[in-house]
Amino acid sequence: MYTPYQDYIHTLNNTLKYRKLPIFRQEKFSSVLDFSNNDYLGLSQHPKILKEAINAIQIYGMGAKSSRISSIYHPFCDQLETQIALDKKTEAALFFSSGFQANFSVLSAILDRGILGGCPVVFSDRLNHASIYQALLFSQCEWVRYRHLDTKHLQCLLEKYAKDSRPKFIVTETVFGMDGDTAPLKDIHALALKYKTFVYLDEAHATGLFGINGYGCSTLQDWSQVPHIIMGTFSKALGGSGAYIACSKILKEYLINKAQGFIYSTAPSPCVVAAALRAWNLIKTMNKERLHLKSLGESFRKMLTEQGEDIGSSTTHIIPIILKNEESVMEIQHYLGFKHIYISGIRPPTVPPNQARLRIGLKALHTQEDLLRFMQEWKKLRENRIY
Ligand SMILES: Cc1ncc(COP(=O)(O)O)c(C=O)c1O
């Protein structure tokens, strides 16, 4: 009965694609230089957020007790959603337990063939996140992939479908989690207007860091003329967990009645929502941290390019070092771990074939000295031809 699963694991092992969970090590809290997580603003440890979460537990208890459809036992969801809608300049917002759950349930709900009266056509950036892929697969839409960030290619494809009267959607991340580059939102907005498409944006890696007061890249654009949904997470720069959907009032109503991951799942814990609300209100005060992160990114990219590394098209705090060879990626990750430098090794299928990489996630708590420490070890790796 277990044989097919065992065979699958053997195959992964033979092709170097086997994934292992990291082991907790206490020294993480001392001398470790950690580039492996997404706590970009260091908010997972912010005292004001921790205090808010603890208060919420003390008053409202640990669990949410039921789906939000059945009952609600605290005021934080309404407060948070009102604030998000204000800052994202949308009519409404809705909080979900995780980014994956939000992408999967919201996209499957809005792409529902029964509701739309036919099969929608979805134009999706080739490097969109797995949660988007899963939703598109599940919805059985006609799925048209365009080359990463390539709006000329997107336009060609839209033109090809111009006479097709089925509902059309463009789906993209705004800051790409594995490449650290940004979607050309102005062009996408113009194409959406011209070809009358819906736009779905995933701001998981942009929320807290980009746009007006850190509220995401979408805030730099007026979306009122384009039907749209903007999703973002609390699990990266906001240091907690959960995700928001910013949208029109009617879409919020629709999602409450249709999004399976919202209806059939216990609501997020009160402490999670209280922490998310505090973090959301804090990020507007964090311009200094955003500027520091920007300047760290610029320095690091310069250092790595001078060293001859391929960092793809990164322009943000996320910097890939693309080595292609999966074995080298895992060896280097392991080697740097011994030196107390944590970095993520990313292999296909998370990235396309031949694009295996080390992924650096910079944080506002990092310093120029940290970058130099990394580069020192990196140069040793090069000199010793460890890869
Ligand atoms: C672009 C993108 N969207 C969605 C998600 C899922 O978010 P969460 O971790 O909150 O489930 C991630 C997480 O890595 C992501 O990178």
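Predicted model: local features only at pLDDT ≥ 70, side-chain atom pairs only at ≥ 80, totals over all residues.

Is Gln140 buried or exposed?

Modeller: Gln140 is exposed, with a relative accessible area of 52%. The cut-off for that class is over 50%. Gln140 sits in the loop between α6 (130–139) and β4 (142–146). Its backbone deserves a look too. Phi is positive at Gln140, about 55 degrees, although the residue is not a glycine.

Another backbone detail is found at a proline pair. The peptide bond from Pro348 to Pro349 is cis, with omega near 10 degrees. Pro349 belongs to the loop between β11 (344–346) and β12 (356–361).

Loop residues can be buried as well. Ser269 is placed in the loop between α10 (260–263) and α11 (270–283). With a relative accessible area of 18%, Ser269 is buried. Leaving aside neighbours within four places in sequence, Ser269 touches Met62, Gly63 and Ala64.

Now a strand residue. Ile318 is in strand β9 (residues 318–324). It counts as buried, at 0% relative accessibility.

Next, the cysteines. The structure holds zero disulfides. A disulfide is a covalent bond between the sulfur atoms of two cysteines. Take Cys119. Its closest cysteine sulfur is in Cys141, 6.4 Å away, which is too far for a bond. The cut-off here is 2.5 Å. Cys119 counts as buried, at 17% relative accessibility. Then take Cys247. Its closest cysteine sulfur is in Cys77, at 14 Å, again too far for a bond. Cys247 counts as buried, at 1% relative accessibility.

Finally, two helix contacts. Helix α12 (residues 287–306) and helix α14 (residues 368–383) have axes that come within 10 Å and cross at roughly 20 degrees. Therefore α12 is roughly parallel to α14. The crossing of these helices, α12 and α14, is right-handed. From α12, the contact uses Ser295, Leu296, Ser299, Phe300, Met303 and Leu304. From α14, it uses Gln368, Leu371, Leu372, Phe374 and Met375. By class, the contact of α12 with α14 has eight nonpolar residues, three polar ones and no charged ones.

The other contact joins helix α4 (residues 99–110) and helix α9 (residues 249–258), which pack at an angle of about 105 degrees with their axes 10 Å apart. That makes α4 roughly perpendicular to α9. Val106, Ala109 and Ile110 of α4 meet Leu251, Tyr254, Leu255 and Lys258 of α9. By class, the contact of α4 with α9 has six nonpolar residues, no polar ones and one charged.

How values were computed. Residues numbered from 1 in each chain as written. Heavy atoms only, no water. Axes fitted to C-alpha atoms, helices over the stretch in contact; angles between N-to-C directions. Helix = DSSP H or I, 4+ residues; strand = E, 2+ residues; numbered from the N terminus. Parallel < 35°, antiparallel > 145°, perpendicular 65-115°, else oblique. Left-handed = near helix turned anticlockwise from the far one by under 90°. Contact = heavy atoms within 4.5 Å. Nonpolar A, V, L, I, M, F, W, Y, C, P; charged D, E, K, R; others polar. Buried < 20%, exposed > 50% of the residue type's maximum accessible area, 1.4 Å probe, protein only.
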